[in-house]
Amino acid sequence: MVNYILLYKIKKKVKTMLKDRIAMGELATTPSSCLDCLATDLSWEMYYLMKEKDES
């Protein structure tokens, strides 16, 4: 079962980190890039990595 509260917290943190990196010029963005989509994808990957770690 997916813990959506944990996923939301991860996504919020990832999105903040991405915005900070963009502001510092460490990440390049394009007019068509979707910051929310990237944060969602990264959050899911982190969630599953944490879940795998907990299971083992």
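Which residues make up the largest nonpolar core?

Author: Happy to. A word on the ground rules: this is a predicted model, where local features need pLDDT of at least 70, side-chain atom pairs count only at pLDDT 80 or more, and totals for chains, interfaces and linings use all residues. Residues are numbered from 1 along each chain as its sequence is written, and side-chain values use heavy atoms, with hydrogens and water left out.

Now the core. Leu7, Ile10, Val14, Leu18, Ala39 and Tyr47 are the 6 residues of the largest nonpolar core. By that I mean a set of buried Ala, Val, Leu, Ile, Met, Phe, Trp, Tyr and Cys residues joined through side-chain atoms within 4.5 Å. Buried is under 20% relative accessible area, exposed is over 50%, and partly exposed is in between (1.4 Å probe, protein chains only). Helix H1 (4-23) and helix H2 (35-55) are the elements that give two or more residues to this core, and H1 gives the most, with 4 residues. Helices here are DSSP runs of H or I, at least four residues, while strands are runs of E, at least two; both are numbered from the N terminus.

Let's stay with H2. Look at which residues hide: Ala39, Ser43 and Tyr47 are buried in H2. Seen down the helix axis, the buried residues of H2 fall within an arc of 70°, so they line one face of the helix. That arc is taken from the directions from the helix axis to the C-beta atoms. On the other side of H2 you'll find Asp41, Glu45, Leu49, Glu52 and Glu55 exposed.

So what sits over the buried face? The cover includes H1, and you can see this residue by residue. Contact means heavy atoms within 4.5 Å. Leaving out residues up to four places away in sequence, alanine 39 touches Lys11, Val14, Lys15 and Leu18. With neighbours within four places set aside, serine 43 is in contact with Leu7, Ile10, Lys11 and Val14. Serine 43 has a relative accessible area of 1%, so it counts as buried. Leucine 38, also in H2, counts as partly exposed at 41% relative accessibility.

Further along come the rings. Rings of Phe, Tyr and Trp (its six-membered ring) pair if their centres lie within 6.5 Å; planes under 30 degrees apart count as stacked, over 60 as edge-to-face and the rest as tilted. The whole structure has 4 aromatic pairs. One of them is tryptophan 44 with tyrosine 48, which is stacked, at 5.6 Å centre to centre and 25° between the planes. Both lie in H2, 4 residues apart, about one turn of the helix. Tyrosine 47 and tyrosine 48 make an edge-to-face pair, 5.5 Å centre to centre with 70° between the planes. Tyrosine 47 is buried, at 4% relative accessible area, whereas tyrosine 48 is partly exposed at 39% and tryptophan 44 is partly exposed at 25%. Finally, ring pairs link Tyr4, Trp44, Tyr47 and Tyr48 into a cluster.
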